[in-house]
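Colleague: I'm new to reading protein models. Could you walk me through a few features, starting with the general idea each time?

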Amino acid sequence: MVLSRNRPARAGRAQRRRQRRAALALVLVAPAVAELTLGSISVRMLWLVVLYVPIYGAGVLLIREAVRRTGGGAGALLLMGLAYGLVEEGLALQSLTSPHLYGAAGWGPRPWGVNAPYAELNLPYHAVFSVLLPVTLVELMFRDLGRRPYLRRGGLVGTAAAALLGVGLLRVSVPPSQDPGYLLSGRAALVVLGLAAAAVAAALVRFPRRAGRRRVGVAGPVPGLFRLGAVCAVAAFAFLALLFPFAGAHHCAFLPRAWAPLPMAAAAVVAAAAAWAVRRWSAADGWTARHRLAAVTGALVAHTAFGLVSHTRDPLDTAGLAVIGAVMVLLLHRLDDRLAAGPAAPIPDHR
């Protein structure tokens, strides 16, 4: 009788340890995916990753906990990622409206003072690469935990405090040194906060209700793993290349600034087509955890490949990012091996 009482207690403690490890993994994976594997931080300045851990790590963990506790899926994560991008780029960095920071004001049109190409690039980027992909990776690493929360109430409060600290830390470190003299107006700040709040409300209220009524597991073809990864890779690279000026360009897609709406429209089409295709495939019978990983892998490989042609400044940076990319591919391959050795039953991709 004593043994029967102790066994559930030991199992509960083991699960809590797994939940803590998953939470820690997400705190580390989020800034690694968003910043490190893109080359935004050069190998000589890797210590700067510490600056991003509170806002990325704690912020994305908080988002994951909120979405999973309310029953949301990928759609809710993307909306929360949009809110995250509005807070980081709009309030902490002020990059959405700054006429100086990163030279973003010169990429293309600035309706209502908003750096439109920069906003189109970075808000979806945060939704996908800062939030959706890290959460997906960690949930694949800890499949036994499923969609369970990783944190208890105390951990949730501490994570929220760390995320707020991260916003403040970014605000007092980057703009004063990189964009001195610019201050977002109070009216613009209220607009950004309102948009972020609307995205959060939609993610935590509207999307979970819709997800509960959505039919999944419908019949339909599922692409092979390589084809799926290739489609996601092409879409990710094309989206980034259409909007981010690289290889000496000052405007989008090497075109004159007045023509920037053309690559902006093309990038929107690429993103919409890729989202439609993955959504359709993920609802089909036969969609598995390995398919989810293949989609993530394709996007991440293209993301790092783009970083090699756009963010590296010298041979040391290029070599460093190449090593990071190689390690990333190796770790993704090992995760795929683990998934292949596990249960082969199809899994629904709850959106």
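This is a predicted model: local features need pLDDT of at least 70, side-chain atom pairs count only at pLDDT 80 or more; totals for chains, interfaces and linings use all residues.

Colleague: What should α5 span, and how far apart are its end C-alpha atoms?

Modeller: Helices are DSSP runs (H or I, at least four residues; strands are E, at least two), numbered from the N terminus. The expected span is 1.5 Å times one less than the number of residues. With 26 residues, α5 should span 38 Å, and its end C-alpha atoms are 37 Å apart, which agrees.

Colleague: Which residues of α5 are buried?

Modeller: Buried means under 20% relative accessible area, exposed over 50%, and partly exposed in between (1.4 Å probe, protein chains only). In α5 the buried ones are T159, A163, G166, L170, V174 and P175. S173, also in α5, is partly exposed at 25%.

Colleague: How do α3 and α5 cross?

Modeller: For axes, lines are fitted to C-alpha atoms, for helices over the stretch in contact, and angles run from 0 to 180 degrees between N-to-C directions. Here the axes of α3 (residues 74-92) and α5 (residues 153-178) come within 9 Å and cross at roughly 35 degrees. Contact means heavy atoms within 4.5 Å; V87, E88, L91 and A92 of α3 meet V167, L170, R171 and P175 of α5.

Colleague: And the aromatic rings: how many pairs are there?

Modeller: Rings of Phe, Tyr and Trp (its six-membered ring) pair if their centres lie within 6.5 Å; planes under 30 degrees apart are stacked, over 60 edge-to-face, and the rest tilted. That rule gives 10 aromatic pairs. The ring centres of Y125 and F129 are 5.0 Å apart with planes at 20 degrees, so this pair is stacked. Both residues lie in α4 (residues 116-141), four residues apart, about one turn of the helix.

Colleague: Why does a spacing of four matter there?

Modeller: An α-helix has 3.6 residues a turn, so residues three or four places apart point the same way.

Colleague: What type of pair do F244 and F306 make?

Modeller: Their ring centres are 6.0 Å apart and the planes sit at 85 degrees, so that pair is edge-to-face. F244 lies in the loop between α7 (225-243) and α8 (261-282) and F306 in α9 (residues 289-310), so the pair ties together parts that are 62 residues apart in sequence.

Definitions and conventions. Residues are numbered from 1 along each chain as its sequence is written. Side-chain values use heavy atoms; hydrogens and water are left out.
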